[in-house]
Amino acid sequence: LPISRLEAIDLNFVCNYSINYNKFYFTLSLTDIRCVIEQYKVQIDAMAYIEIIILSAVALFSLYKWSVSNYHILRDRGIPHHKPTALIGNFNMNVLLGKSSFMKFIIDNYSDFKSRKIYGIYSMRDVNIYIPDIDLIKKIAIKDFDTFPNHNSVGGGEEGGNTFLSKSLIVLKDNKWREMRNSLSPSFTGSKMRLMFQLVNECVVQAVNYSANECKISKIFVAGFETVSACLCFTAHELLENSVIQDKLYEEILETHRSLEGKPLNYDVLMKLKYLDMVISESLRKWPPVLLTDRICSMDYALKDDDGSLIAEFKKDDNIFVPIIGIHRDPTYYPNPDKFDPERFSDENKNKIKPMSYLPFGLGPRMCIGNRLALMEVKALIYHLILNFEIHRSEKTCRNLMNSIAGFTLIPKEGFWMKFVPRNSGDSTS
């Protein structure tokens, strides 16, 4: 009987069916019929499972082949790199899981290959080429700028889009970038900084005075975590960790405040504060606002050293990166790089800093156009904060910034917590 007929049998009674099969007669009870049906179903289920397993295996194999399809590129070009892993390449899963920081990832890879002039990292399937050699960095970012004029597009910022980010200077490319840069550059001259400083200083004074009256200084630290607030937070944290440096900075600021004889701080006076500049410079070295900068190769290019020896061949649209944080933490350029030491930038020592080894705002024509404004704002904030407050550790203050930072952010897990104690001196009023 067909299975459909067998399944339709009334199971409330028992009967026998006789089937003529090759002249032999067999008698089947309902129990036998049930067994036949179940066996048939089991066979169907087994075949379905086998098909699923086969399809899954094919899909996984295809995904694997797709994920590793680019992993020959660095090897074929002779660019040093670590052996990649399927799907993630050379990327550290702990960074993706928030157990480690992208900052550490860049520093570790830089350390592994700093004796090489070039190295590569597979980020998932993307091929990223890193340039740790400062002479080659200058060649790519300045001398041969026309071959590397553009940044890679950042998330949500494709050129030609309708978002605010798509119109920003960092996203614009080629002639559009040049036109916008030429239009904005006059806004950041020294004379324009002087005009803007009065407003900036008034805002800072009001914020500090409000904080002193209301004991809510932390409100200064909850604004957006952009370049200014990042530098401000890291600098304040380093000052609370290094009381001797904080005291020396206070002495310079207090002397300057007294010399003003009640007049408001102005741009020229602020820019003459040498130790303040040393402190901010060292903060930007140890904690740069951007960990790396990138360029896109606009045409096939042969990278050669000063002797004309071929180092590597780049292809059009290759991603080229400069590991800023790796260079800033390199003991070759900065002995004991984890130490916060403003004396690196003193008049006696700053000429020892090699060109292209200090890049907090990028380099070349693509350097951050607003770096002078950012420095002015940070210096004004630190000036008035140190003039009016001592910065101390609180119960919530992070113990180790590097270990506390995880993922792709520059914010420690605990946030930035510190105690601001008003100074008793009558000179400390703003």
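Predicted model: local features only at pLDDT ≥ 70, side-chain atom pairs only at ≥ 80, totals over all residues.

Colleague: Which ring does Tyr119 pair with, and is the pair stacked or edge-to-face?

Modeller: The partner is Phe113. Their ring centres are 5.1 Å apart and the planes make an angle of 15 degrees, so this pair counts as stacked. Phe113 is buried too, because its relative accessible area is 7%.

Colleague: What about Phe148 and Phe314, how are those rings arranged?

Modeller: Those two are edge-to-face, with 6.2 Å from centre to centre and 85 degrees between the planes. Phe148 sits in the loop between α6 and α7, while Phe314 belongs to strand β7 (residues 310-314), so the pair ties together parts that lie 166 residues apart in sequence.

Colleague: Are Phe148 and Phe314 buried or exposed?

Modeller: Both Phe148 and Phe314 are buried.

Colleague: And how many aromatic pairs does the structure hold?

Modeller: There are 18 aromatic pairs. There is also a cluster of rings made up of Phe91, Phe102, Phe105 and Phe408.

Colleague: Nice. Switching to charges: how many salt bridges does a search of the whole structure find?

Modeller: It finds 17 salt bridges. One of them joins the side chains of Asp330 and Lys114, at 3.4 Å from N to O.

Colleague: Where do Asp330 and Lys114 lie?

Modeller: Asp330 is in the loop between α13 (324-328) and α14 (371-388), and Lys114 is in the loop between α5 (102-113) and β3 (119-123), so the bridge ties together parts 216 residues apart in sequence. Asp330 counts as buried, at 3% relative accessibility, whereas Lys114 is partly exposed at 37%.

Colleague: What does Glu282 bridge to?

Modeller: To Arg344, with 3.0 Å from N to O. Arg344 lies in the loop between α13 and α14 and Glu282 in helix α12, so parts 62 residues apart in sequence are tied together. Arg344 is buried at 10% relative accessible area, and Glu282 is buried at 0%.

Colleague: Is Asp146 buried or exposed?

Modeller: Asp146 is exposed, with a relative accessible area of 59%. Its side chain meets that of Arg178 in a salt bridge of 3.8 Å, N to O. Arg178 is partly exposed, at 30%.

Colleague: Which residues are linked with Lys274 in a network of salt bridges?

Modeller: Asp347 and Lys350.

Colleague: OK, on to helices. At what angle do α10 and α12 cross?

Modeller: Roughly 145 degrees, and the axes come within 8 Å. Here α10 covers residues 243-259 and α12 covers residues 274-286. From α10, the contact uses Ile245, Lys248, Leu249 and Glu252; from α12, it uses Lys274, Tyr275, Leu276 and Val279.

Colleague: Last topic, confidence. What is the mean pLDDT?

Modeller: The mean is 84, and 81% of the residues reach 70 or more. Over residues 1-26, though, pLDDT is below 50; that stretch has 32 contacts in the model beyond near neighbours in sequence. Residues 221-225 also stay under 50, and the model has 13 contacts for them beyond four places in sequence.

Colleague: Great, thanks for the tour!

Terms used
Residues numbered from 1 in each chain as written. Heavy atoms only, no water. Axes fitted to C-alpha atoms, helices over the stretch in contact; angles between N-to-C directions. Helix = DSSP H or I, 4+ residues; strand = E, 2+ residues; numbered from the N terminus. Contact = heavy atoms within 4.5 Å. Salt bridge = Lys/Arg side-chain N within 4 Å of Asp/Glu carboxyl O. Buried < 20%, exposed > 50% of the residue type's maximum accessible area, 1.4 Å probe, protein only. pLDDT = per-residue confidence, 0-100. Phe/Tyr/Trp six-rings, centres within 6.5 Å; stacked < 30°, edge-to-face > 60°.
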